[in-house]
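Visitor: I'd like to learn how to read a model like this one. Could you walk me through it, feature by feature?

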Amino acid sequence: MRTFEKSSKLDNVCYDVRGPVVDEAARMEESGIPILKLNIGNPAPFGFRAPESIIETMAENLKNTEGYSDSKGLLSARRAIEAYCRKKNLPNVGVNDIYTGNGVSELIVMVMQGLLNNGDEILMPSPDYPLWTAAANLAGGKPVHYVCDEASNWYPDIQDIRKKITDRTKGIVVINPNNPTGALYPREVLEEIVEVAREHELIIFADEIYDRLVMDGKEHISIASLAPDLFCITMNGLSKSHKIAGYRLGWMALSGNKDKARGYIEGLNMLSSMRLCSNVPAQAIVETALRDAGQPDEMILPGGRIYEQREYIYRALNDIPGITAKKPDAAFYIFPKIDTARFGIRDDEQFCLDFLKAKQVLLVHGGGFNLATPDHFRVVYLPEMGVLKEAMDKLAQFLDTYRQS
Ligand code: PLP
């Protein structure tokens with residue numbers, strides 16, 4: 001019998017949003033057991049609604065967004081993104097340097113496909129947003145993970161980055177603010193990364209999708225703004241800040257020294273044309289969405305849901321013996337450390353599976369973010385406060401007696 005296997009291009013790709021823990025949760029739900037889900041960074045199911053103005057704008061534009069747009073996107077959308085890039089001090093960005101995408105996700109795959117030859121290396125953070133690593137592998141490249149150091153607020157370890165550069169390294173991915181740690185990198189750290197990129201002529205890939213979800217009045221600095229002499233690609237989108245992950249709207253902006261990357265840009269234009277264009281009704285809302293981009297959403301201010309839920313989850317986790325967590329500055333994730341010696345943990349995925357089976361709470365193990373040690377897990381603190389409290393009570397009870405066998 002002829003069977004069909006996945007392409008060998010996928011052999012090195014490790015990316016599955018399912019896996020044994022999520023599969024088990026699905027099985028439990030099918031058999032009628034309710035699950036507390038603290039695993040997905042998707043605001044809408046947790047009562048976060050899109051701003052009305054966005055929905056109205058999309059509805060108004062449905063009739064004139066029926067056709068394909070320019071492959072990079074509607075000029076009106078790219079003009080609004082260009083103005084946003086100016087606000088963030090991205091150097092040398094015009095409308096032709098901006099590409100809209102069906103979410104940042106599509107663009108992550110595109111930029112890796114367009115750049116990497118077999119064996120080319122690309123520096124990625126560990127922990128990472130795992131699509132970056134998977135996209136580099138799919139493109140035939142070799143992701144090389146640099147350490148983000150929990151002891152230094154999860155900032156990238158510059159010495160480690162330097163150690164991992166070879167003559168095949170083409171670029172470095174910087175996710176700031178970070179998923180899964182919630183860290184926001186200060187100017188000094190970004191300047192050090194730029195310096196390394198400058199010395200080794202690396203492309204900087206900046207994933208800044210959480211830049212409008214920074215708390216405590218802190219400032220987000222776009223790394224590309226510090227690197228006018230380098231070639232940078234900065235990614236951003238509306239999934240998180242505007243709570244419209246389902247509308248699929250992201251963008252990327254090429255900045256700095258584009259002469260260095262003429263051939264690469266030609267490849268990006270080919271790939272952009274191959275997908276014709278991104279979802280056009282979603283492009284129609286960009287102008288409206290970015291109009292108030294300087295104003296923080298009330299959800300991240302004191303009294304707002306994300307802010308208050310962060311305060312709670314940070315305290316609640318640190319109150320559990322054997323768990324410690326750094327306070328996140330941004331986004332809606334926290335990445336606690338678990339004392340593996342105390343609980344006999346050797347396998348973090350097994351820990352999440354055991355917790356799910358015992359207490360019906362779904363978390364993601366640290367290994368899912370390409371962390372080498374089995375001592376972390378990620379909590380998405382988007383669910384309502386009541387759900388978070390129930391989940392934290394269950395975690396405390398569970399760990400009171402847990403020993404991994
Ligand atoms: N980049 C990071 C760091 C993310 O956390 C996510 C989604 O969780 C994405 C990109 C993908 O976002 P999009 O909905 O724009 O595809």
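Predicted model: local features only at pLDDT ≥ 70, side-chain atom pairs only at ≥ 80, totals over all residues.

Visitor: Let's zoom out. Into which domains is the protein chain divided?

Guide: Domain 1 covers 8-48 + 298-401, and domain 2 covers 52-290. Their C-alpha centres lie 26 Å apart. For the contact between them, count residues on each side: 34 residues of domain 1 meet 34 residues of domain 2.

Visitor: What about the inside? Which residues touch the most other members of the largest nonpolar core?

Guide: The general idea is that in soluble globular proteins, nonpolar side chains tend to be buried together. Here the largest nonpolar core has 79 residues, and Met 112 and Phe 205 touch the most other members. Helix α4 (residues 103-115) is the top contributor, giving seven residues to this core. Domain 1 and domain 2 both supply residues, so the core lies between them. There is another core apart from it, of 54 residues, including Val 93, Tyr 185, Val 189 and Leu 230.

Visitor: Which residues does Met 112 touch, not counting those up to four places away in sequence?

Guide: Met 112 touches Ile 122, Met 124, Trp 132, Ala 135, Ala 136, Ala 139 and Phe 205.

Visitor: How do I read the way two helices pack, say α4 and helix α5?

Guide: Look at the axis distance, the angle and the handedness. The axes of α4 and α5 (residues 130-138) come within 8 Å and cross at roughly 35°. The crossing is right-handed. On the α4 side the contact is made by Ser 105, Ile 108, Val 109, Val 111, Met 112 and Gln 113, and on the α5 side by Leu 131, Trp 132, Ala 135, Ala 136 and Leu 138. Sorted by class, that is nine nonpolar, two polar and no charged residues.

Visitor: Now a charged residue. Is Glu 82 buried or exposed?

Guide: Glu 82 has 18% relative accessibility, so it counts as buried. You'll find Glu 82 in helix α3 (residues 75-87). Leaving aside neighbours within four places in sequence, Glu 82 contacts Val 93, Gly 94, Val 95 and Ile 98.

Visitor: Backbone next. Which peptide bond to Pro 127 is cis?

Guide: For this one, read omega. The bond from Ser 126 to Pro 127 is cis, with omega near 0°, and Pro 127 lies in the loop between β3 (121-126) and α5. The bond from Asn 179 to Pro 180 is also cis, with omega near 20°. Pro 180 is in the loop between β6 (169-175) and α7 (187-200).

Visitor: What is the phi of Trp 154?

Guide: Trp 154 has a positive phi of about 70° and is not a glycine. Trp 154 is in the loop between β4 (142-149) and β5 (155-156), and it is buried, with a relative accessible area of 4%. Gln 360 is another case, with phi near 60°. Gln 360 lies in the loop between α13 (348-359) and β13 (361-362) and, at 21% relative accessibility, counts as partly exposed.

Visitor: How far apart are the C-alpha atoms of Ile 33 and Gln 360?

Guide: They are separated by 7.7 Å, although the two residues are 327 residues apart along the chain. Ile 33 is in the loop between α1 (19-30) and β1 (36-37). Ile 33 touches Met 28 and Gln 360, leaving out residues up to four places away in sequence. With 33% relative accessibility, Ile 33 counts as partly exposed.

Note on methods: Residues numbered from 1 in each chain as written. Heavy atoms only, no water. Core = buried A, V, L, I, M, F, W, Y, C linked by side-chain atoms within 4.5 Å. Buried < 20%, exposed > 50% of the residue type's maximum accessible area, 1.4 Å probe, protein only. Helix = DSSP H or I, 4+ residues; strand = E, 2+ residues; numbered from the N terminus. Domains from an automatic or database assignment. Contact = heavy atoms within 4.5 Å. Axes fitted to C-alpha atoms, helices over the stretch in contact; angles between N-to-C directions. Left-handed = near helix turned anticlockwise from the far one by under 90°. Nonpolar A, V, L, I, M, F, W, Y, C, P; charged D, E, K, R; others polar.
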